[in-house]
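Have the structure open while you read.

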Amino acid sequence: MPKRNRLASWVGMLPSNLFKIVSSLSGILGDLADMGIQVEVGDDFAKYRAYRGQQLDRGPVYPMFDVASSYIDRTNGFWICGFNSNDELIHTQAVRLLDLSDVSLATHLKDHRHKYITPDTTPDPDVTFYSGPEALQTITGKVCYQGDFWLRANGLGGPRSQGTTALLSRILFELMVGAWNPSFVFALVPKRLGAKGAHLRYGYTHCEPGRWLGPDQQVTEEDYLIWMGAKDMANMLAPGPEKPRRALSQSQVHCPKSFAAKNHLDASANV
């Protein structure tokens, strides 16, 4: 199986910051490798689209991360994929950097709602809007959007039951903060997950109920807004990552020698 644990060339940061990230993530990558998961980080979203296109049991990639619908490259986004010992794709997630220096998240979601609405959930996307969370008015500046989080379930002893969600999410946060140091990060999760405190598994500190309202003010979908500010991110990343719970049986793989290398945020479906 090809070695995938490498840091892509997109990371434009000071060597000292890069070293801190490498030191922090080397243990996580080793733990994931022990569980049979190899990680690939990239900024070529045409390649990411191709990876996602192979998943016939999932919906298409969301427009925010689709090069056919959005301008996204190394300057404003990156993705993380995980592969098992058979080189099968078992994990995806991506992040997008947004410049909201002059607008609130509420305005952004109103203007770009078509890129966030789950396909076939509303009779008319043109008159469907997201509302509810108070934070929509206060989230502004340099903002990151995390989405398309998916992790294959393999029953008891599978990656989800081993605490893998938190480790994979932390990889994204470490790289995101190191590269861009955003003021806020947010994601949208289905109500069924948000109501159960799923944001804690992903590392988020705030969770607010929200909903999409259609042309007749009917609720077309309920998504919770989960988010963090800069201080929240700093506090979350300050302690070392927790050790994962081990499965009953593990695949033996080589640990990395270097780190060079319906679908919002829904770990039970797609983050």
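Which residue stands opposite Trp227 in β10? His206 does. Bear in mind that this is a predicted model.

## The buried strand

Let's start with β10. Strand β7 (residues 206-208) is joined to β10 by 3 bridges, and the two run antiparallel. Strand β6 (residues 184-190) also runs antiparallel to β10, this time with 7 bridges.

Now for burial. Of the 7 residues in β10 (residues 223-229), 7 are buried, so the strand is largely enclosed by the rest of the structure. Both of its faces are covered: Asp223, Leu225, Trp227 and Gly229 are buried on one side, and Tyr224, Ile226 and Met228 are buried on the other.

## The whole sheet

Zooming out, β10 belongs to an open sheet of 7 strands with mixed pairing, in the order β1-β2-β3-β5-β6-β10-β7. The edges are β1 (38-42) and β7; each has a single partner strand, so one side of each goes without a neighbour in the sheet. On average, neighbouring strands are turned by 25 degrees against each other, direction ignored.

Val41 has Ile80 of β2 as its bridge partner.

## Helices on the sheet

Two helices to look at here are α2 and α4. Helix α2 lies across β1, β2, β3 and β5, and runs at about 35 degrees to β2. Helix α4 packs on the sheet too, touching β1, β2, β3, β5, β6 and β10, and its direction makes about 150 degrees with that of β5.

Helix α4 also has a helix partner. Helix α1 (residues 15-34) packs with α4 at an angle of about 160 degrees, their axes 10 Å apart. That makes α1 roughly antiparallel to α4. The contact includes Ile21, Leu25, Ile28 and Leu32 from α1, and Leu167, Leu168, Ile171 and Leu175 from α4. As for handedness, α1 passes α4 in a left-handed crossing.

## A helix with two sides

Which residues of helix α7 (residues 230-237) are buried? They are Asp232, Met233, Met236 and Leu237. Seen down the axis of α7, the buried residues fall within an arc of 120 degrees, so they line one face of the helix. The spacing has a simple background: an α-helix has 3.6 residues a turn, so residues three or four places apart point the same way.

The buried residues of α7 pack against α4 (164-180), β6, β7 and β10. On the other side of α7, Lys231 and Asn235 are exposed.

Asp87, in the loop between β2 (77-83) and β3 (89-104), has phi near 65 degrees, a positive value in a residue other than glycine. Asp148 isn't a glycine either, yet its phi is positive at about 60 degrees. This one sits in strand β5 (residues 140-151).

Asp148 counts as buried, because its value is 0%.

Last stop: Ala68, in the loop between α2 (45-53) and β2. With 58% relative accessibility, Ala68 counts as exposed. Ala68 and Phe45 are 23 residues apart in sequence, and their C-alpha atoms are 9.5 Å apart in space.

Key. Residues are numbered from 1 along each chain as its sequence is written. This is a predicted model: local features need pLDDT of at least 70, side-chain atom pairs count only at pLDDT 80 or more; totals for chains, interfaces and linings use all residues. Side-chain values use heavy atoms; hydrogens and water are left out. Buried means under 20% relative accessible area, exposed over 50%, partly exposed in between (1.4 Å probe, protein chains only). Helices (H or I, at least four residues) and strands (E, at least two) are DSSP runs, numbered from the N terminus. Two strands pair if DSSP finds at least two bridges between them. The arc is that of the directions from the helix axis to the C-beta atoms. Contact means heavy atoms within 4.5 Å. Axes are lines fitted to C-alpha atoms, for helices over the stretch in contact, and angles run from 0 to 180 degrees between N-to-C directions. Angles under 35 degrees count as roughly parallel, over 145 as roughly antiparallel, 65 to 115 as roughly perpendicular and the rest as oblique. A crossing is left-handed if the near helix is turned anticlockwise from the far one by less than a right angle, and right-handed if clockwise.
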